[in-house]
Amino acid sequence: GAASASTSHSLAGVGLFVGLLASQAVYLGAWAMHTTLRAVRRRALSWVYAVLCKEDEFTKFIDIGPVNKAMNYLAVYATEGPQSSNVAQHLERLQDYLWLGRDGMKMNGTNGSQLWDTSFTVQALAECHPRLQALGLQRTWTRAYEFIEVSQIVKNHPEGQRYYRDNVKGGWPFSTWEMGWIVADCTAEGLKGALLAHRLGLPESPKVTISDERLQWAVDLLLSMQNADGGWATCESTRGPPWLELFNPSEVFRDIVVDYSYTECTSSAVQALVMLAKSAALKGYRTAEVGASIKRGISYIRTRQCKDGSWEGLWGVCYTYGTWFAVEALIDSGVRPSDPAVQAAVAFLLAKQNPTNGGWGESFASCVTRTWVPHPDGSQAVNTAWAVLALLKAGVGVEHPAVKAAVGLLVQRQDPSSGDWPQEGISGVFNKTCMISYSNYKNIFPLWALGAYLRRCGGGDENHH
């Protein structure tokens, strides 16, 4: 009995020892796992911070927008302390975003829309080009060209590929070259503005001209940014699948994790490539690739047409904006006005015209509901201008009652003492739910539409576009 008890105690001791070893092993394993995870986390945070700092460096501490501007600033402040030179540089560029509105301090969605507005202004002035001298706008035309010239980004970012940045050489930004990010449609609109200035001439010698080589850089960039579906996105090509939107951290914006193709971006790119292909600047440069790219872009635009004949705009309000862009690209690429897609667009616009005053008025609610919503205040000058431009491009004549009524509304809305049009409803949008105020649109697009109308009435060069 004593031997048996001794054996039992021995076995119990061995079991306890083995149990202790096992628990120690589990503890040590957990500790090792925890230590490993902490090391991985430290490395991950270090890499994320390095990418963050490169974003600051590449954009001169402006960053791509106000959200990551604020987050980057806080991260640098927490990591490097308030006396850091990087913190000081962040604070210096904070003013790029701030502006004082009637109801208090606000932040811009970017550091401005300077290049975007200037490119559109040049195209509006091009419609009035025969009258520039009479209007005393020769210097304005040249200065706008000079801004387009200085805004083109002429070199890629150092270490760009290492830090997930696509090429930017030859592109144009939404705002200024310092911001560092190019956009496909801004590149296209900047290119169009430069080509129009070259074609129509500069009455005053600019400080620097944009060389043919630099125009070819823009071609290289646009060709590289075209997506597999034939369309163009904004700041980069589409890099990931739609299911990545499951990780969208925003409570305000939808469809922001992946950069998708858009009708407007695609239209701008197609228009620019068509214009360049007809210019002396191309000189046979990548001609076959440009032609194939244009065809793929037009195919994409056709797939985006809605059943009612419209196109949804994702960057402006909304169906008048998208339809105007789509029609411009279709006609510029050689599609005839009799094409069913163009005729459907015309029918859509005519159906949405306000019978009381001949204008168009679309609410920003269209962007949210993704269906046409009339503006509660009725016709809007900017919507009306977009519709007029689309109808004229589609071959609707200047004597058409719809066009004449709309032009009459635009003339009536202008302040004759200042030449200004009133600030009406909001006309810009970001990702369906964030509305953007483009303060210059109220003057750019009515002027553009009136110039296009007068040119077709026999007051200018019919072939300058």
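How many disulfides does the count come to by the sulfur-distance rule? The count is zero, a disulfide being a pair of cysteine sulfur atoms within 2.5 Å. The model is predicted, so local features need pLDDT of at least 70 and side-chain atom pairs count only at pLDDT 80 or more, while totals for chains, interfaces and linings use all residues. Residues are numbered from 1 along each chain as its sequence is written, and side-chain values use heavy atoms, with hydrogens and water left out.

**View A. Cysteines Cys235, Cys186 and Cys53.** A disulfide is a covalent bond between the sulfur atoms of two cysteines. For the sulfur of Cys235, the closest cysteine sulfur belongs to Cys186, at 7.9 Å, which is too far for a bond. Cys53 has a relative accessible area of 24% and is partly exposed (buried is under 20% relative accessible area, exposed is over 50%, and partly exposed lies in between, with a 1.4 Å probe and protein chains only).

**View B. Packing of helix α11 (residues 319–332) on helix α14 (residues 381–393).** Helices (H or I, at least four residues) are DSSP runs numbered from the N terminus. The two axes are 9 Å apart and the angle is about 25°; axes are lines fitted to C-alpha atoms over the stretch in contact, and angles run from 0 to 180 degrees between N-to-C directions. That makes α11 roughly parallel to α14, the class for angles under 35 degrees. The crossing of α11 and α14 is left-handed, meaning that the near helix is turned anticlockwise from the far one by less than a right angle. On the α11 side, Thr320, Tyr321, Trp324, Val327, Glu328, Ile331 and Asp332 meet Asn383, Trp386, Leu389, Ala390 and Lys393 of α14, where contact means heavy atoms within 4.5 Å. This contact of α11 with α14 has seven nonpolar, two polar and three charged residues.

**View C. Packing of α11 on helix α12 (residues 340–352).** Here the angle is about 150° and the axes are 11 Å apart. That makes α11 roughly antiparallel to α12, a class for angles over 145 degrees. The crossing of α11 with α12 is left-handed. From α11, Tyr319, Thr320, Thr323, Val327, Leu330 and Ile331 meet Ala341, Val342, Ala345, Phe348 and Leu349 in α12. The contact of α11 with α12 divides into nine nonpolar, two polar and no charged residues.

View D. Glu189 counts as buried, at 1% relative accessibility. Apart from neighbours within four places in sequence, Glu189 is in contact with Trp116, Ser119, Phe120, Gln123, Ser268 and Phe325.

Technical notes:
Helix = DSSP H or I, 4+ residues; strand = E, 2+ residues; numbered from the N terminus. Parallel < 35°, antiparallel > 145°, perpendicular 65-115°, else oblique. Nonpolar A, V, L, I, M, F, W, Y, C, P; charged D, E, K, R; others polar.
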